[in-house]
Amino acid sequence: MKTFENRKLTSFNVAGAYLNVIFSFRGLRFLLPYLGAVIWKFFLFQYFQKIHLRHVKVTNVDHELDSTVPFKEEYIGIYMDFISYWIRPLSMVLKKFGRSYGLKICSEWFSIITFAYNEAYRVYSKNITTTKRPKAKTGAVKNIQRADPHYCCVPSLHIAIIALTVSFYRMILAREDFTEEERKNFNAEIFTHGVEIAESVLYMKQHSVNCIAAALYMVTKIEPAMMTPEIAKEIIDNLFVKSDDVAEENKRDIRTYIQVFYDDLLAQSENSNDWTEPLLKWIASYKAC
């Protein structure tokens with residue numbers, strides 16, 4: 001079996017993973033439900049709202065702490081790397097274990113990510129959430145703002161999938177036949193880059209601190225065997241640690257706010273019949289600040 005102790009995930013070909021999944025019957029069986037959820041329950045759902053074919057209540061979820069993170073359009077590369085971020089590990093798995101067994105792991109991943117889109121939609125479909133975005137200056141960011149109706153903020157699927165990627169590969173790297181060096185290197189790379197992408201959603205003003213807490217809460221509730229409060233805390237504790245453009249006091253306030261909101265949602269969920277109830281209740285009563 002191949003070992004990749006000296007390779008970074010960024011060296012694996014994203015296109016190769018696409019082709020292995022698309023050009024196989026087994027791959028299409030788990031790819032198509034995922035695409036269906038993304039298209040119908042995320043993209044088209046938002047566009048239908050934008051052109052008034054759907055009429056769901058819209059709530060602004062900005063928070064005053066969002067303004068302590070500067071709007072930096074240069075983070076677009078990190079922000080847009082979100083999809084390649086979770087595909088590169090799939091490419092690595094396919095290379096390491098071969099197509100047959102690699103696709104089994106891919107199937108496991110797509111089942112989880114599809115479930116996340118479907119569960120997030122259960123919130124979106126009852127109460128849409130949005131944030132105010134500054135006027136972009138660069139063409140690339142202008143294009144994002146034009147193309148994105150920006151109606152699916154709480155919970156943030158950007159953050160949810162980062163958390164799922166971190167927790168899923170910790171499970172896979174521990175469970176499957178990887179060397180200790182591979183486990184150490186891949187886990188560190190996935191976590192570090194995941195935190196960078198999480199920070200970028202605030203730099204790009206695509207989400208609020210509220211969206212981050214809500215996403216971590218959702219993932220903890222829908223995948224409790226994999227995504228734990230300890231992993232959520234680890235992600236929160238590492239936000240902006242290396243940033244030199246956010247004041248130290250503001251960094252602490254952001255991390256504290258996200259952690260407290262996350263813990264509060266978890267505590268409320270103990271007396272709820274469904275994980276969405278505390279979040280929908282919060283959205284319905286929230287006043288943007």
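A pocket is here an open set of grid points with protein on both sides within 12 Å along at least five of seven lines. The model is predicted.

**View 1. The second largest pocket holds about 250 Å³ of space.**
Its lining is made up of Tyr75, Ile78, Phe191, Thr192, Val195, Glu196, Glu199, Tyr203, Asn238, Val241, Lys242 and Ser243. Helix H7, residues 180-203, contributes the most to this lining, with six residues. Sorted by class, the lining of the second largest pocket has six nonpolar, three polar and three charged residues.

Two or more lining residues come from each of helices H1 (14-22), H2 (25-50), H3 (76-80), H4 (82-124), H5 (139-147) and H6 (157-175). Helix H2 supplies the largest share, nine residues. The lining of the largest pocket has 27 nonpolar residues, alongside six polar and one charged.

**View 2. Phe42 and Phe43 form an edge-to-face ring pair.**
The structure has 22 aromatic pairs in total. In the pair shown, the ring centres of Phe42 and Phe43 are 5.1 Å apart and the planes meet at 85°; planes over 60 degrees apart count as edge-to-face, so this pair falls in that class. Phe42 has a relative accessible area of 16% and is therefore buried, the limit being under 20%. Phe43, at 43% relative accessibility, counts as partly exposed.

**View 3. Tyr75 and Tyr203 form a stacked ring pair.**
The ring centres of Tyr75 and Tyr203 lie 4.0 Å apart, and the pair is stacked because the planes are at 15°, where stacking requires under 30 degrees. The pair links distant parts of the chain, 128 residues apart: Tyr75 is in the loop between strand E1 (58-60) and H3, and Tyr203 is in helix H7. Tyr75 and Tyr203 are buried.

**View 4. Ring pairs join aromatic residues into a cluster.**
The cluster consists of Phe30, Tyr34, Phe42, Phe43, Trp86, Trp109, Phe110, Tyr117, Tyr124, Phe168 and Tyr169.

**View 5. Arg7 and Lys96 sit over aromatic rings.**
Arg7 lies over the face of Phe12, 3.8 Å from the ring centre. The charged end of Lys96 is placed over the ring of Phe97, at 5.9 Å from its centre.

How values were computed. Residues numbered from 1 in each chain as written. Predicted model: local features only at pLDDT ≥ 70, side-chain atom pairs only at ≥ 80, totals over all residues. Heavy atoms only, no water. Helix = DSSP H or I, 4+ residues; strand = E, 2+ residues; numbered from the N terminus. Nonpolar A, V, L, I, M, F, W, Y, C, P; charged D, E, K, R; others polar. 1 Å grid on protein atoms, 1.4 Å probe; cavity = no way out; pocket = protein on both sides within 12 Å on 5 of 7 lines; lining within 4 Å. Points joined across faces, edges and corners; volume = space filled by probe spheres on them. Phe/Tyr/Trp six-rings, centres within 6.5 Å; stacked < 30°, edge-to-face > 60°. Buried < 20%, exposed > 50% of the residue type's maximum accessible area, 1.4 Å probe, protein only. Lys NZ or Arg CZ within 6 Å of the ring centre and 35° of its normal.
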